[in-house]
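Dear colleague,

I am passing the structure on to you below. My notes on what turned up in it follow.

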Amino acid sequence: RAGVGVDRQPFEAELIRVGEYWRTLGLLLSPDDDPRFLVVDEIWEPSLVSRWNDQQPDARKIRPGHFIQAVNGVCDGGEGMLARIRASGRGSTLRLRV
């Protein structure tokens, strides 16, 4: 599933929960019709994701409409990935396959 932009190549975003926004990932996510994925509905600013986007070329920015395919290398469905994200604490690293 490519999400926004049919020809877009998947990428991995590495978000480290440190600094001023460690608590604010900045993603509003929902399960997709396909239960294997999460959909990015919205991105909040300021947040870890907005900081990531500020430092990336367009092809590696997380955008509304993109699909999260895996969290920390594990693709265990939308609910499982949400649980992984929620369980991540200060200092942890989240690797999102987008």
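Is Arg-84 buried, partly exposed or exposed? Arg-84 has a relative accessible area of 33%, so it counts as partly exposed (buried is under 20%, exposed over 50%, partly exposed in between, with a 1.4 Å probe and protein chains only).

This is a predicted model, in which local features need pLDDT of at least 70 and side-chain atom pairs count only at pLDDT 80 or more, while totals for chains, interfaces and linings use all residues. Residues are numbered from 1 along each chain as its sequence is written, and side-chain values use heavy atoms, with hydrogens and water left out.

Salt bridges

The whole structure holds four salt bridges (a side-chain nitrogen of Lys or Arg within 4 Å of a carboxyl oxygen of Asp or Glu). One of them joins Arg-84 to Asp-76, at 3.0 Å from N to O; Asp-76 is partly exposed at 36%. Another pairs Glu-12 with Arg-95 at 3.7 Å, N to O. These two lie 83 residues apart, Glu-12 in strand S1 and Arg-95 in strand S6 (strands are DSSP runs of E, at least two residues; helices are runs of H or I, at least four; both are numbered from the N terminus). Asp-34 and Arg-36 form a further one, with the closest N and O atoms 2.6 Å apart. Here Asp-34 is buried at 16%, whereas Arg-36 is partly exposed at 48%.

Sheet

An open, antiparallel sheet has the strand order S2-S3-S4 (strands pair if DSSP finds at least two bridges between them). S2 (27-31) and S4 (67-68) are its edge strands. Leu-38 stands opposite Ile-68 in S4.

Regards
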